[in-house]
Amino acid sequence: MAGLGVFFPVATPADVTTDFRSNLVLVNLGASAITCALTSGDHAREVEVPAGAYLQVNDVGNWLGLGPGTAGVEVTGSGSWTGFVSSIDPVLGDPTTMAGLVPSGDVVRLFPGVASLPGENGTEWRSQAVIASVADGETTVVLELLQRDSPDVAASASVALAAGEVL
């Protein structure tokens with residue numbers, strides 16, 4: 001992915017004990033060191049990733065100087081690389097990993113999961129999604145909730161996103 005801008009949604013906590021945080025892992029696939037540039041709005045920093053190694057940037061949003069909340073970070077590398085973001089649950093410490101996004105036109109993605117379901121000991125499971133636009137202009141995302149084992153749409157909503165917006 002040399003020179004290609006890859007977009008990652010990241011969570012920056014106001015309080016690491018109660019808010020999700022994101023770590024970024026960059027993997028250098030080449031035989032010499034590379035430089036990866038991270039940008040989000042007017043925030044920018046670079047890191048060097050040694051040859052054939054990986055580098056983890058913990059709490060990448062705070063490291064980059066972003067305010068609390070969810071934002072998009074674009075990563076470009078001077079050589080061959082790959083990477084992912086892990087979003088860390090503040091209570092359980094469980095990570096959810098996300099691959100980066102590249103502009104690709106119309107795409108349909110299917111995410112299995114629950115919409116709402118009671119759990120053990122009075123807990124309630126609720127699905128959450130992070131939607132990010134990698135388009136150069138405004139784009140519309142259509143969200144549809146499909147019933148299990150059925151092509152029927154149980155609920156639908158459209159969301160307009162500006163270029164680079166994360167929701």
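Leaving aside its neighbours within four places in sequence, which residues is Asp89 in contact with? Asp89 is in contact with Phe20 and Asp94, where contact means heavy atoms within 4.5 Å.

1. Basis. This is a predicted model, in which local features need pLDDT of at least 70, side-chain atom pairs count only at pLDDT 80 or more, and totals for chains, interfaces and linings use all residues. Residues are numbered from 1 along each chain as its sequence is written, and side-chain values use heavy atoms, with hydrogens and water left out.

2. Confidence. The protein chain has a mean pLDDT (the predictor's confidence in each residue, from 0 to 100) of 87, and 93% of its residues reach 70 or more. Strand 4 has the highest confidence, at a mean of 98, and strand 10 (residues 124–126) the lowest, at 75.

3. Layout. The protein chain holds 1 helix and 12 strands; these are DSSP runs numbered from the N terminus, helices being H or I of at least four residues and strands E of at least two. From the N terminus the order is β-β-β-β-β-α-β-β-β-β-β-β-β. The C-alpha trace spans about 50 × 40 × 30 Å along its principal axes. Of contacts between residues at least 6 apart in sequence, 62% join residues at least 24 apart.

4. Of the 167 residues, 28% count as buried (under 20% relative accessible area, with exposed over 50% and partly exposed in between; 1.4 Å probe, protein chains only). Beyond four places in sequence, the contacts of Leu24 include Phe8, Leu38, Val75 and Phe84.

5. Asp59. This residue lies in the loop between strand 5 (54–57) and helix 1. Asp59 is buried without a salt bridge, and the nearest side chain of opposite charge, Arg21, is 5.8 Å away. A salt bridge would need a side-chain nitrogen of Lys or Arg within 4 Å of a carboxyl oxygen of Asp or Glu. Not counting residues up to four places away in sequence, Asp59 touches Pro13, Val16, Arg21, Ser22 and Asn23.

6. Asp89. The loop between strand 7 and strand 8 (95–99) holds Asp89. Asp89 is also buried with no salt bridge, and its nearest side chain of opposite charge is Arg21, 8.3 Å away.

Note on methods: Lys and Arg count as positive and Asp and Glu as negative; His and the chain ends are not counted.
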